[in-house]
There are 2 protein chains.
Amino acid sequence: MQEKPLILVTNDDGITAPGIRSLIRIMNKIGDVVVVAPDSPQSGMGHAITVDNVLHCNPITIDDGPQIEYTCSGTPADCVKMAVNEILNRKPDICVSGINHGANSSINVIYSGTMSAAVEAGIEGIPAIGFSLLDFNYQADFKPSESFIEKITLNVLLDGLPEGIVLNVNIPKLVKDKMKGIKICRQANGFWKEIFDKRKSPFGKEYYWLSGEFVNKDKGEDTDIWALENGYVSIVPVQFDLTAHHMIQKLNEWDL
Amino acid sequence: MQEKPLILVTNDDGITAPGIRSLIRIMNKIGDVVVVAPDSPQSGMGHAITVDNVLHCNPITIDDGPQIEYTCSGTPADCVKMAVNEILNRKPDICVSGINHGANSSINVIYSGTMSAAVEAGIEGIPAIGFSLLDFNYQADFKPSESFIEKITLNVLLDGLPEGIVLNVNIPKLVKDKMKGIKICRQANGFWKEIFDKRKSPFGKEYYWLSGEFVNKDKGEDTDIWALENGYVSIVPVQFDLTAHHMIQKLNEWDL
């Protein structure tokens, strides 16, 4: 690569979250960084886009780093669309999203705003990675993640990714010397067992908080959940062709 | 099946949209219907869930049909979680979502609230189908869709669907005798070429509307786009294990 790579950085926790500030610092060592990130937290937004409201997008300076930054009123997927179509002069060499405060392993990839930004970049033909740390704490320690994130990003810049594939990287909450390395994994088969916490407002009206607990149905040792529980950083290659190709033949037997 | 099937109906256009009213009428012929649907339009919400706000859910009567209905303040995925965990006494035999006013073929499956409801039901272990008509018009004619929707629903009730798979059904905007039948398809490889319409508010502040045009990169005659353009109802089996399994071996060659 002759010139420095152009790196688009985004996230779903909002542009001031410690996770994205960490990611920006790592990327500043690798290339020219442009940040386009939500102006407020967008967790659980899945692959939402803004179709019935307007979007605002403005330059902003948050620290004294060399990166250029924009804050956007939309979802993570909106931020990527905005960056590629309105802000950047050329297609970025890579898009990195995160570092998310909390896991996006197993089925959480479906609900994740962090991963939807990476997937949106992938749809636009840009190699992309979502990074998540298994620590919901706002003051999480992102330091032990840094060398893994740098290494994985450099590998993607060097080797590229095939069309239609982005990476979902999750990092265990461990001090550096407890981390065992990196494992390539498949998405564990799990789901959330919901708990609706039913309450009454001061005005007597019932309302709910959605919470729940994650259930892993998958005993495989090749899954992201297994890797994370055993001290490894997990990488799952993620595709956005959702076709269950192996089911087409079976459906063709139906009497339709 | 000895008792009538229990059918959960939802959508993303909101509980009063003509599309879901049509779907309810069709389902009333097949089984006992419970509707849990958003109280306002949720188009483009992807697989969003409500994690940082409360949810409201209330019984409602909209017409004189035999169905039981609830309206919910959340996203389509929230509605399914609420139905399964708080409203229904037993797991429904099927969940149908739609009829969406507009296409959810090709990459639109990723952005679709209609399909996110079906996927959420699939994650909860319920056979599920999303139905969409290629007509954005609020007053679209859903009549020609009815027999196809009934037939596909009855097939799923009879044969079930394997774990991890839901159906994405799109219906062309045609009069009944122009419809050629049903085709089992794969998701066409396409994307949206965004157009950001930049405007100024009455107060001089710049803002954007996100719009765009769909680009189909895929010449295959086995895709949903091809089927729809040629007068067929398309069915794509959709999975929510997003792992690109074929990429795992390649990634294992990386120096990580």
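**Note on a predicted two-chain model**

1. In chain A, 9 strands make up an open sheet with mixed pairing, and their order is β3-β4-β2-β1-β5-β6-β7-β11-β8. The edges are taken by β3 (57-59) and β8 (181-184) of chain A, each of which has a single partner strand, so one side of each is left without a neighbour in the sheet. From one strand to the next, the twist averages 20°.

2. Which strand of chain A pairs with β7 (residues 165-171) in the antiparallel sense over 6 bridges? The partner is strand β11 (residues 232-239) of chain A, and within this pairing I165(A) stands opposite Q239(A) in β11(A).

3. A further pair of strands in chain A is β9 (residues 190-200) and β10 (residues 206-216), which run antiparallel and are joined by 11 bridges. K200(A) is found opposite E206(A) in β10(A). The two strands belong to a hairpin with 5 residues between them, and in that hairpin G204(A) takes a positive phi near 85°.

4. Taken as a whole, chain A has a secondary structure of 7 helices and 11 strands. Its radius of gyration is 19 Å, close to the 18 Å that the globule rule gives for 256 residues, so chain A is as compact as a globular protein of that length. The C-alpha trace of chain A spans about 55 × 50 × 50 Å along its principal axes, and 54% of the 256 residues of the chain count as buried. If one takes the contacts in chain A between residues at least 6 apart in sequence, 77% of them join residues at least 24 apart.

5. Turning to chain B, the reader will find an open sheet of 9 strands, again with mixed pairing, in the order β3-β4-β2-β1-β5-β6-β7-β11-β8. Here β3 (57-59) and β8 (181-184) of chain B stand at the edges with a single partner strand each, so one side of each has no neighbour in the sheet. Neighbouring strands of this sheet are turned against each other by 20° on average, direction ignored. Helix α2 (residues 76-87) of chain B packs on the sheet and touches β1 (6-10), β2 (32-38), β3, β4 (68-72) and β5 (94-101) of chain B, while its direction makes about 135° with that of β2(B).

6. Two antiparallel pairings in chain B can be followed residue by residue. Strand β7 (residues 165-171) of chain B is joined to strand β11 (residues 232-239) of chain B by 6 bridges, and L167(B) stands opposite P237(B) in β11(B). Strands β9 (residues 190-200) and β10 (residues 206-216) of chain B pair over 11 bridges, with K193(B) opposite E213(B) in β10(B). These two strands form a hairpin that has 5 residues between them, and G204(B) in the turn has a positive phi of about 85°.

7. Is A128(B) buried or exposed? A128(B), which lies in strand β6 (residues 128-133) of chain B, has 28 other C-beta atoms within 10 Å, and because 20 or more count as buried, A128(B) is buried. Residues up to four places away in sequence aside, A128(B) touches I94(B), C95(B), A118(B), A121(B), G122(B) and V166(B). G160(B) is 32 residues from A128(B) in sequence, and the two are 9.3 Å apart in space, C-alpha to C-alpha.

8. Finally, there is the relation between the chains. Chain B is superposed on chain A by a rotation of 180° with 0.0 Å of shift along its axis, at an RMSD of 0.0 Å; the two copies are therefore related as by a two-fold rotation axis. The same surface serves both copies, since 100% of the contact residues of chain B recur in chain A. The contact itself takes 62 residues from chain B and 62 residues from chain A, and the side of chain B that touches chain A has 38 nonpolar, 14 polar and 10 charged residues.

Conventions
Residues are numbered from 1 along each chain as its sequence is written. Chains are lettered from A and ligands numbered from 1 in the order in which they are written. This is a predicted model: local features need pLDDT of at least 70, side-chain atom pairs count only at pLDDT 80 or more; totals for chains, interfaces and linings use all residues. Two residues are in contact if their C-beta atoms, placed from the backbone, lie within 7 Å. Ala, Val, Leu, Ile, Met, Phe, Trp, Tyr, Cys and Pro count as nonpolar, Asp, Glu, Lys and Arg as charged, and the others, Gly among them, as polar. Copies are superposed by least squares on the C-alpha atoms of residues with pLDDT of at least 70 in both. Helices (H or I, at least four residues) and strands (E, at least two) are DSSP runs, numbered from the N terminus. The radius of gyration is taken over C-alpha atoms; the globule rule is 2.2 Å times the number of residues to the power 0.38. A residue is buried if 20 or more other C-beta atoms lie within 10 Å of its own, exposed if 12 or fewer, and partly exposed in between; C-beta atoms are placed from the backbone. Two strands pair if DSSP finds at least two bridges between them. Axes are lines fitted to C-alpha atoms, for helices over the stretch in contact, and angles run from 0 to 180 degrees between N-to-C directions.
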